Amino acid sequence: MTSWIKDGYNRFSNVYTSFYPPPNQIEPSEGGQEGEEKPPPPLRMGILGASNIAPIAVILPCKSHPGIMVTAVAARDKSKAISYSKKHGIPHVFDDYQSLIQDDGIDVIYNALPNALHHRWTLEAIKARKHVLLEKPSTSNREQTEEVFEAARQANVVVLEAFHYRFHPALHEFAFRLHSVLSPLNPLVSVKSTLKIPGSIPPETDIRFNYDLGGGATMDTGCYTVSSLLYTMRVAAGTWKREKWEDEVEVREARPTYFEPRHAASAAAPHLDRQGHFGVDEAMQATLLVPSARPQKIACLIDTALRTHLFTIPLIGWKVPFLVLPSLLATFKDGTTVEFKNFVAPFLWHSIITTHRGRTAEENKVKPGTRTYSKAYVPGENSGSDEMKRAAKDGHWAAGTGKEWWSTYRYQLEAFVRAVQKVRRDGLQFKDLEKESRGPQADVPVWVDSRESEIVMRCIDSIYEKAGMSRRP
Ligand SMILES: NC(=O)C1=CN([C@@H]2O[C@H](COP(=O)(O)OP(=O)(O)OC[C@H]3O[C@@H](n4cnc5c(N)ncnc54)[C@H](OP(=O)(O)O)[C@@H]3O)[C@@H](O)[C@H]2O)C=CC1
Ligand SMILES: O=C1OC[C@@H](O)[C@H](O)[C@H]1O
C-alpha cells in the first residue's frame with residue numbers, strides 16, 4: 001500500500017515537472033567548461049501556425065533543452081500569432097508562414113499544420129534549407145511522403161516525422177520484453193494496436209473531421225496504431241529471413257465508421273470527398289496481413305476512433321464517454337502475451353504486462369497466467385545490453401540519458417537536435433544519418449526513418465482503399 005502511494009506521488013510529481021520543467025542549463029558534460037569544446041549556439045526554431053499541440057510538443061520541451069529555443073511563430077492571422085507569442089514567451093512574430101521560413105534567423109521549422117498542409121509547407125521549408133520536425137502523419141498519402149523525403153535528401157536537411165512515442169524508453173523496454181519471450185519455436189502470432197479518443201474531445205469543427213484538411217481517424221490516431229504495429233513486428237523480424245518484408249504488408253479488411261456531423265454548425269464542413277461520398281472516418285478497425293517467421297502472413301489488428309462513447313442517455317441524448325487505454329498487445333504461439341498499456345503517452349503512466357503461458361511459463365518456472373510488470377521512465381538496466389540492441393532495432397538510449405519527467409516529446413527533441421547538429425556541425429549527410437545503426441553508441445541513438453514514414457502512409461492509403469473510401473488528396 002505504501003509503495004502504491006509512493007509510486008502515485010512520484011508519478012504526479014514527474015508529470016508536474018513535465019509540464020513545468022526547470023529552465024535549460026548547460027551541464028558540464030555538454031561542454032562550456034574551461035578547456036572543453038564550446039557547445040554550438042542553440043538552434044532557432046520557428047513554428048508554423050498557432051497550433052494546439054505546439055506548447056506540449058515543442059515549446060515546453062525546448063525550455064529544458066540547452067541546444068534549441070523557440071524563436072518565432074507565424075499564423076494566418078497575425079494578431080493570433082501575437083497573442084500566442086505573448087502567452088508562450090516567443091520573441092518574434094512573422095506576417096505569414098513563408099516569411100518565417102525564409103528568415104535567416106530560423107534554423108528549424110516545426111510543422112504542426114493540418115495534415116493536408118504538411119506536404120506543401122515542408123517542401124517550402126526544405127527549399128529554404130531548413131530542418132523540419134514534421135507532425136504525424138507525415139503527409140496526406142504515400143506519394144507526397146516520398147516526395148518530401150527525396151527533397152530532404154537532395155537538400156541535405158533533416159526531416160523527422162514526429163512519432164514522439166518512439167523515443168520514450170518505455171517502448172524500448174517493451175521491445176526488450178517481447179524479445180525475451182520470442183524464439184524460433186515461439187514466434188509472434190498476432191499484434192493488436194488500439195488507440196481511441198474518449199468522449200467527444202475533438203469538436204465536430206476540428207481539423208480531424210475535415211476531408212480537405214486530411215482528416216479521419218486512420219490519419220490521426222490510426223497512424224500511431226499502424227506505426228506501433230510495424231514497430232512490434234520489427235522487433236520480431238530478426239527471427240525470419242525476408243528482406244523488405246514491410247513492403248509486403250497487405251490490408252485484408254477495413255471497417256470504417258463514417259463521420260456524419262450531428263450539429264448544424266459543422267454540417268457545412270467538408271466531411272465529404274470530392275465525389276460527395278463520406279470522406280472522413282470517425283473510427284476504423286482494420287486487419288493487416290504482415291509477413292512473419294512462418295510462410296503465411298499473420299493477421300494483425302488496428303482499432304482506432306476519434307470519439308468513443310459507452311452509450312447515449314435516452315431522452316436527453318447525452319453521450320457517456322468511454323475511456324479505453326491505448327494498448328499495444330503482442331501474442332505468441334504459446335499463448336504468452338506482452339501488452340504495453342498507454343503506449344502513446346507513456347510519460348504520464350504506463351505498464352508493460354507479460355502474461356506467461358505455455359513454454360514461456362515453463363522456462364520461467366511460473367504458473368501459467370502469472371503476470372509480470374515492467375516500466376521504464378528513463379533508460380533501464382537493460383540499456384546497452386546485446387539483447388536490448390537486438391530487440392530495439394530502431395534504437396534505444398544509453399543509461400543516464402533523460403530524466404523521469406521527460407515526456408515523449410522531450411526525448412524526441414533530444415534525438416532531433418542531435419541529428420540536426422550532426423548534419424549542420426559535423427557535415428553528415430541526412431541520407432547517411434538514416435543509414436547509421438542505432439543504439440547508445442550512435443550519435444543519434446533513436447530515430448524514425450523515412451522508409452517507415454513511407455510505409456505507414458502506404459498502409460493508410462490501403463486501409464482507405466479497402467474501406468471503400470478515397471485516399472486523402
Ligand atoms: N504529436 C502529437 O502528440 C500530436 C500531433 N498532432 C498533429 O499536429 C497537427 C496539428 O494538430 P492540432 O494542433 O491539434 O491542430 P490545430 O487545430 O491547433 O491546427 C493547427 C494549425 O493549423 C493552422 N491552419 C492552417 N490552415 C488551416 C485551415 N484551413 N483550417 C484550420 N487550421 C489551419 C492553424 O494555424 P493558424 O494559427 O495559422 O491559423 C492552426 O493553428 C496535426 O497534423 C496533428 O496530427 C496533433 C495533436 C497531437
Ligand atoms: O497525435 C495525436 O495524439 C493524441 C490524439 O488525441 C490526437 O488526436 C492526435 O492528433
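User: How many bridges join strand 9 to strand 10, and in which sense do they run?
Analyst: Eight, and the two run antiparallel; strand 9 covers residues 281–290. Strands here are DSSP runs of E of at least two residues, helices are runs of H or I of at least four, and both are numbered from the N terminus. Two strands pair if DSSP finds at least two bridges between them.

User: Before more of that, what are the ground rules?
Analyst: It is a predicted model, where local features need pLDDT of at least 70 and side-chain atom pairs 80 or more, while totals for chains, interfaces and linings use all residues. Residues are numbered from 1 along each chain, chains are lettered from A and ligands numbered from 1 as written, and side-chain values use heavy atoms, without hydrogens or water.

User: OK. Which residue of strand 10 faces Leu-288?
Analyst: Cys-300 stands opposite Leu-288.

User: What about strand 7 and strand 10, parallel or antiparallel?
Analyst: Parallel, over six bridges, with strand 10 spanning residues 298–312. Within that pairing, Leu-195 is set opposite Thr-304.

User: And strand 11, how does it pair with strand 10?
Analyst: In the antiparallel sense, over three bridges; strand 11 is residues 319–321. Val-320 in strand 11 is the bridge partner of Phe-311. Strand 10 and strand 11 make a hairpin with six residues between them, and Leu-315 in that turn has a positive phi of about 70°.

User: Switching to open space. What is the volume of the largest pocket?
Analyst: About 1500 Å³. On a 1 Å grid over the protein atoms alone, a pocket is an open set of points with protein on both sides within 12 Å along at least five of seven lines, whereas a cavity is a set where a 1.4 Å probe fits but cannot get out; lining residues have an atom within 4 Å of a point. Points are joined across faces, edges and corners, and the volume is the space filled by probe spheres set on them.

User: Which residues lie nearest the centre of that pocket?
Analyst: Asn-52, Ile-53, Ile-207, Arg-208 and Asp-220, out of 50 lining residues.

User: Which element gives the most to its lining?
Analyst: Strand 7, residues 188–198, with four residues. Strand 7 is also the one with six bridges to strand 10.

User: How many cavities of 30 Å³ or more are there?
Analyst: Two in the whole structure.

User: What lines the largest cavity?
Analyst: Its lining includes Phe-19, Ile-56, Leu-60, Phe-347, Trp-405, Trp-406 and Arg-410. Helix 1 (2–19) and helix 2 are the elements that give two or more residues. Helix 2 has the largest share, three residues.

User: Why is helix 2 described as largely enclosed?
Analyst: Because eight of its ten residues (54–63) are buried, the rest of the structure largely encloses it. Among the buried ones are Ala-54, Val-58, Ile-59, Leu-60 and Cys-62. Buried means under 20% relative accessible area with a 1.4 Å probe, protein chains only.

User: And the second largest cavity, which helix gives most there?
Analyst: Helix 7, residues 169–181, with three residues. Pro-169, His-172, Glu-173, Met-388 and Trp-397 are among the residues lining the second largest cavity.

User: Last one. How many residues are in the largest nonpolar core?
Analyst: 123, and those with the most contacts inside it are Met-45, Ile-47, Tyr-110, Met-233, Leu-288, Trp-447 and Ile-463. A second, separate core has seven residues, including Ile-197, Tyr-211, Val-280 and Leu-306. A core is a set of buried Ala, Val, Leu, Ile, Met, Phe, Trp, Tyr and Cys residues joined through side-chain atoms within 4.5 Å.

Technical notes: Buried < 20%, exposed > 50% of the residue type's maximum accessible area, 1.4 Å probe, protein only.
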